[in-house]
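Here's a quick tour for anyone meeting this one for the first time. Have a look at the picture below, then work through the notes that follow.

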Amino acid sequence: MTTSLSPRTLGIDAAPSAPGPIPFSRLVRVEWAKATDTRAARWLLALVALSTAGMMLVPVLAPTTFDQTYASYLRVAALGLTILLPVVAILMLTGEWSQRSVMTTFTQEPRRIRVMNAKLAVSMVLGGGAAVFGGVVTAAGLGLAAASGRTLEANLTVGAVTGYLLFVLLNVLAGVALGALLQSSATAIAASFALPAAFAVLGTASTPVSDWIDMSTWNWVLENDWAGHVPQISFSIVFWVAAPLAAGVVRTIRRDVG
Amino acid sequence: MITTTALTKSYNKVPVVRDVSLHCEPGTITGFLGANGAGKSTTMKMIVGLVRPDRGTATIDGRPFVELPNPTRVVGMLLDASAMHPGRSGRATLTIAAQMAGVPTRRVEHLLELVGIADAADKRVGTYSLGMRQRLGVAQALVGEPQALILDEPANGLDPEGIAWMRSLLRDFADHGGTVLLSSHLLHEVEATADHLVVISGGAVVAAGRLDDLLASSTILVRSPDPGGLAAALQVAQIDYVAGPGGALTVDVAGGRVTTEVLAGVARDHQVLLTELRQSETNGLEQLFFSLTAAKAAPPQEAAA
C-alpha cells in the first residue's frame, strides 16, 4: 500500500488553472449512470419490461373481448409501462435523499437546479426509451395475433403515436414531480399509488374531480381524444406535474442537507 | 484558503452554531475539536453549502463554495462515509466522482491503490466496513486533485494502522501546500495530527490558535498562605480563578491578559504574600479541552450526528 502522495498526485504544485463549470452534458451522463448502474435499478427496469410484455398477452390471448386494432394494442403497452415507470422516476429523485448521497451530489454541483434539470432530462430519455420498447412489444403482440390468423385494423395515426408517447412521458413526469416534492422513496412510492386511487374514488362522487383532477383525464391523451378536453387535460397536468414539480424544485434547492 | 465569518445556525430556534469564525492557511492542518453535538458537522456543512447559515459567510479561496464552478477541483470533502449508495461498487462510486470532477478515470485506479481498497474495488459499498468506507471517502475527496480537504471525523472506524496511515497522508498533503480542516471528538487524535486548533463547545468557538501556543500556557498556578485574601484580591482585579488542590488557585491566562507579572502586581497591591507563582504544568490537550468546554453547560443537541 502506498502511503505517500507525490505533489504530482495531489496536483498542488501544478498550480491548477481554474477549471470551468461542469458542462450540462456531463451532469446528464452522470445522472444517467446513477439511474441505471445499480442492481436495484436494473431489476426495476426489468420488471417494467416484464409487466409491459405481460400486459400484451391480454389482447393476444383474449381476442374476443379485446379490440383487435394497432392503436388498442399500443394502448395496452402504455398501460403496462406506466405501472412501474413512475416508480423508476420517483427513485431517480428520492434515491439520493434516502441513501444520503445528496451530500456528495450537491457538493459536486452546488447549483442544485442544474442537478434537477439533469435528472429531468434523464427521466425523459428513459421515458422515451421505454416508449420505444413499448412499441417493440406492441409490434411483437401484433405479430403474434397476425400469425394466429386474425385480421387486425391498421389504424395507427401520427396522432395516436404522439398521444401514446405523451401519455408515457406524463406518467414519468408525475413520478419525477412526486419524488422531487416528497424526497423520500417510501412516502413518494406509496403516494404514487394511493393518490391517483384516492382521486379516482373521489371522482365517482364528484364530476369536477373526475373530469379535471383524476388521472383518467390522461386517457384522453392516450386515446388521442383532445376535442373539448384540452382545459381538463391542462389542469390535471398542472395538478399532477407542474405544481408539485415547481414546489419540489424550490424545496430541494432550499433544503438543508443534514 | 478556508475562511468563515460569524457563521450562525439554529434549528427550531435552538442555536446549533453561534458566530463561528475560523481560518485555515495552506500548508496547515487545522483540527476542529469538540464533543459530539458541539456544532462541528453543521459548521462544515455550512462551509460547503449543504446547510444555509442564518447569518455569516464562508469562503474557499476567497469565494463562497456555491460559486465555485467545479468545487471538487478546489476542495475535497468527506462528510459522512456512510452516505454512499450501498448498491454501487467502490470503483463505480469513484468513477462517478471522477467524471463529475472532469478528471481522467485512470485516476480512479491510482486512488484505489493509494487508499488500499483496490482488492475490494468491485465489491458493493454495502459490504464494506466503516473503515473501508472511510478510505473510499478519502479517495473520493482526493479525486479532483483539490488544494483543500474538509474531513468530518475521518478517523472514525479506522484501526490503529489506518489512523497512522490517515495521519501521514494528511501530513503529506499539507506539506505539499494543501489546506486541511478536520474535525474530531478524539483529543489525542487531533493532538497528533493537527498543527492548528479550533475548539468548539455549545456551538461557539472557545479557543483557537496554534496547537503549541494553546498547550503552552493556558493557566497559572498561584499559592498564598492566605488563600482567602488572595481570592479577594483577584476578585477586585476581576481575574477569574478556580480553587486548586492544597489551597492553590488556578488562574486562566484569559488570552494573555493575565500573566505571572500581573498576578505578582495584584498580590503586591493588596499586600498578599505569595509562596508560589508559575505556569501550570501542561497536561496536554485533554486538560485544556475539558477546562474550556466544562464552562459551557448544557450543550444543545446537534440535529445531525
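Let's start with a helix pair in chain A of this predicted model: helix H4 (residues 70-98) and helix H7 (residues 158-182) of chain A pack at an angle of about 20 degrees, their axes 8 Å apart. Angles under 35 degrees count as roughly parallel, so H4(A) and H7(A) are roughly parallel to each other.

**Chain A: helices**

- The crossing of H4(A) and H7(A) is a right-handed one.
- Sort the residues of the contact of H4(A) with H7(A) by class and you get 21 nonpolar, 5 polar and no charged.
- Taken as a whole, chain A has 11 helices and 0 strands.
- Read from the N terminus on, the elements of chain A go α-α-α-α-α-α-α-α-α-α-α.
- As for dimensions, the C-alpha trace of chain A spans about 75 × 45 × 30 Å along its principal axes.

**Where chain A meets chain B**

- Across the two chains, 36 residues of chain A are in contact with 41 residues of chain B.
- On the side of chain A that touches chain B, four helices of chain A each supply at least two residues: helix H1 (7-10), helix H2 (24-36), helix H3 (39-61) and helix H5 (102-108).
- By class, that side of chain A has 16 nonpolar, 12 polar and 8 charged residues.

**Chain B: domains**

- Chain B splits into domain 1 (2-213) and domain 2 (219-281).
- The centres of domain 1 and domain 2 of chain B, taken over C-alpha atoms, are separated by 42 Å.

**Chain B: the six-stranded sheet**

- Chain B has an open sheet of 6 strands, in the order E5-E6-E7-E3-E8-E9, and the pairing is mixed.
- At the edges sit strand E5 (75-78) and strand E9 (204-210) of chain B, each of which pairs on one side only.
- From one strand to the next, the twist averages 15 degrees.
- Within this sheet, strand E3 (residues 29-33) and strand E8 (residues 196-201) of chain B pair in the parallel sense, over 4 bridges.
- To find that pairing residue by residue, look for B:Thr30, which stands opposite B:His196 in E8(B).
- Helix H1 (residues 40-47) of chain B packs on the sheet, where H1 touches E3, strand E6 (148-152), strand E7 (179-184) and E8 of chain B. The direction of H1 makes about 145 degrees with that of E6(B).
- Helix H4 (residues 130-142) of chain B packs on the sheet too, touching E5 and E6 of chain B. Here the direction of H4 makes about 165 degrees with that of E5(B).

**Chain B: a helix pair**

- The axes of helix H2 (residues 90-101) of chain B and H4(B) come within 9 Å and cross at roughly 20 degrees. That makes H2(B) roughly parallel to H4(B).
- This crossing of H2(B) and H4(B) is right-handed.
- Which residues meet in this pair? B:Gly90, B:Thr93, B:Leu94 and B:Ala97 in H2(B) meet B:Leu136, B:Ala139 and B:Gln140 in H4(B).
- By class, the residues of the contact of H2(B) with H4(B) come out as 4 nonpolar, 3 polar and no charged.

- E1(B) pairs with strand E2 (residues 14-24) of chain B in the antiparallel sense, over 7 bridges.

Conventions. Residues are numbered from 1 along each chain as its sequence is written. Chains are lettered from A and ligands numbered from 1 in the order in which they are written. This is a predicted model: local features need pLDDT of at least 70, side-chain atom pairs count only at pLDDT 80 or more; totals for chains, interfaces and linings use all residues. Two strands pair if DSSP finds at least two bridges between them. Axes are lines fitted to C-alpha atoms, for helices over the stretch in contact, and angles run from 0 to 180 degrees between N-to-C directions. Two residues are in contact if their C-beta atoms, placed from the backbone, lie within 7 Å. Domain bounds come from an automatic or database domain assignment. Ala, Val, Leu, Ile, Met, Phe, Trp, Tyr, Cys and Pro count as nonpolar, Asp, Glu, Lys and Arg as charged, and the others, Gly among them, as polar. Angles under 35 degrees count as roughly parallel, over 145 as roughly antiparallel, 65 to 115 as roughly perpendicular and the rest as oblique. A crossing is left-handed if the near helix is turned anticlockwise from the far one by less than a right angle, and right-handed if clockwise.
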